[in-house]
Amino acid sequence: MLRNHVVPERGFKDMLKPPLSERTERLRLSTIREVAGRVEAVQKKGIPVINFSAGRPDFDTPEHIKAAAKKALDDGLVHYTASAGTLELRQAICTRFQEDYHLNLDPEEIVITAGSTEAIYVGMQSILNSGDEVIVPQPMYVYYGGWSLLGEAELITFALQEKNDFLLKAEELKQHISPRTKALILTSPHNPTGQVFEKKEMVKIAQLAQERDFYIICDDIYNYLLYDGAEHFTVAEVPGMREKTLIIGSFSKTYAMDGWRIGYLIGPRQVISRVLKMHQYVVNCCNTFVQVGARVALTASQNCVREMVQEFDRRRRLLLSYLDDLGIPYVRPRGAFYVFPSIKKFGLSSKEFSDFLLTEARVAVVPGDAFGSSGEGYVRMAYCLSCEDIEKGMQNVSKALKKL
Ligand code: PLP
């Protein structure tokens, strides 16, 4: 086709089209990563920082998992696998879900992804159309807004109430459902509040999904990190919900494998066929030796998980006892490894309070508004550090608060 041959004097460069994609222009970088950058900058000056901001296990990956991946490399497992992931790993996921949730899955309903990050992205790309709405209760994990934007959907948020212990209530959710609602994202155990949503509300929400025809994306990556007898419930267990549920899983937190970048998405077949296409375009398939390590993580004894959870629980209790002593209010967390204390009484914004702690106490926390506007007035503290560091850090906080 002949193009208009009249070349404007200013040249094409200055005309009409923005130089790079508008979508990525509108994406926000994670504030948590920003905090991590600031912590590093302080540490580089030789000033030690006690870091409550990093939301990842500080433990090493269990030895037997590392050994399996190393052996896979030595055995020459260095080529592509099937895009959906190895059958062995998908079967291991089926077995775990059968044992833990009595869910009868088929490997064809699973795609292995580069962490749950990729799983949520490709899952949302597979179901969303322009103009759809995605509901997410706030405070919320930092990337949900960006993933909705990339799917050309509108993000609808509403605040989880502290007076309800930050628990999601079906009645509140109901007010935000519209004919354009395509999906709800549920995160339980919850980041950043550490709450575990109640089964009775989840069942009601599942009924709403069926009546009003929307998907539930269960970001279940903290499902094994539970305390005080809390139980994780997946809406996929509700009769008829398998067709409406995308389960997002990850090895990052359960097995201290966040740097391995491996997770998975479980969904109904018609969604999985789209997910597989998206996944092929993004990564083609996940690392082969990493998939071997992940399979061993699932099939070997789960004692390593139990031990890690026990240690997190010890740290959780210690941190909460310090917050109690300092009179800083919080809703008692029952899952993941976060607590979301209210700092309203100090009269500073969450950003100001976080900056104050970094400067005056050499303690890093994440300002609550990183998780959406309803997180203002709170900070997120992750107990992914030793009891010794928790003690040191909280003693520093105690001294610093006297200056306020
Ligand atoms: N979803 C939630 C709620 C998270 O907190 C995180 C990480 O912190 C992720 C997803 C992404 O985890 P990954 O990609 O390592 O599986």
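Q: What makes the meeting of the side chains of Lys182 and Asp132 a salt bridge?
A: The N to O distance between the two side chains is 2.8 Å. A salt bridge is a side-chain nitrogen of Lys or Arg within 4 Å of a carboxyl oxygen of Asp or Glu, so the pair of Lys182 and Asp132 qualifies. The model is predicted, with pLDDT of at least 70 needed for local features and 80 or more for side-chain atom pairs, while totals for chains, interfaces and linings use all residues. Residues are numbered from 1 along each chain as its sequence is written, and side-chain values use heavy atoms, without hydrogens and water.

Q: Why does the pair of Lys182 and Asp132 tie together parts that are apart in sequence?
A: Lys182 belongs to strand β5 (residues 181-187) and Asp132 to the loop between α5 and β3 (133-138), so the pair links parts 50 residues apart in sequence. Helices (H or I, at least four residues) and strands (E, at least two) are DSSP runs numbered from the N terminus.

Q: Why is Lys182 called buried?
A: Its relative accessible area is 18%. Buried means under 20%, exposed over 50% and partly exposed in between (1.4 Å probe, protein chains only), so Lys182 counts as buried. Asp132 is buried too.

Q: What does the side chain of Lys182 reach at 2.8 Å?
A: The side chain of Lys182 reaches the backbone oxygen of Ile127.

Q: Which class of accessibility does Glu198 fall into at 26%?
A: Glu198 counts as partly exposed at 26% relative accessibility. Lys200 is also partly exposed, with a relative accessible area of 48%. The side chains of Glu198 and Lys200 meet in a salt bridge at 3.5 Å, N to O.

Q: How do you know that Asp355 and Lys351 are about one turn of the helix apart?
A: Both lie in helix α12 (residues 350-361), four residues apart.

Q: Which residues do salt bridges with shared partners join into one network?
A: The network consists of Lys169, Glu198, Lys200, Glu201 and Lys204. The count of salt bridges comes to 27.

Q: Which polar side-chain atoms lie 2.6 Å from an oxygen atom of the ligand?
A: One belongs to Tyr222, and an N or O atom in the side chain of Ser252 is at 2.6 Å as well. A polar side-chain atom of Arg261 lies 2.8 Å from a ligand oxygen. The ligand taken alone exposes 400 Å², and the protein buries 93% of that; the areas come from the Shrake-Rupley method with a 1.4 Å probe.

Q: What makes up the shell around the ligand?
A: Its residues divide into four nonpolar, seven polar and three charged. Helix α5 (residues 115-127) gives the largest share, three residues. Of the 14 residues around the ligand, Thr117, Asp219, Tyr222, Ser250 and Ser252 come nearest, where a residue is near if one of its heavy atoms lies within 4 Å.

Q: Why are β9 and β11 called edge strands?
A: In the open sheet of three strands the order is β9-β12-β11, with antiparallel pairing. Strands β9 (338-339) and β11 (366-367) each pair on one side only. Two strands pair if DSSP finds at least two bridges between them, and β9 and β12 (residues 379-382) have two bridges. Val339 stands opposite Met381 in β12.

Methods:
A polar contact is a pair of N or O atoms within 3.5 Å; within protein, one must be able to donate a hydrogen and the other to accept it, and residues adjacent in sequence count only if both atoms are side-chain atoms. Ala, Val, Leu, Ile, Met, Phe, Trp, Tyr, Cys and Pro count as nonpolar, Asp, Glu, Lys and Arg as charged, and the others, Gly among them, as polar.
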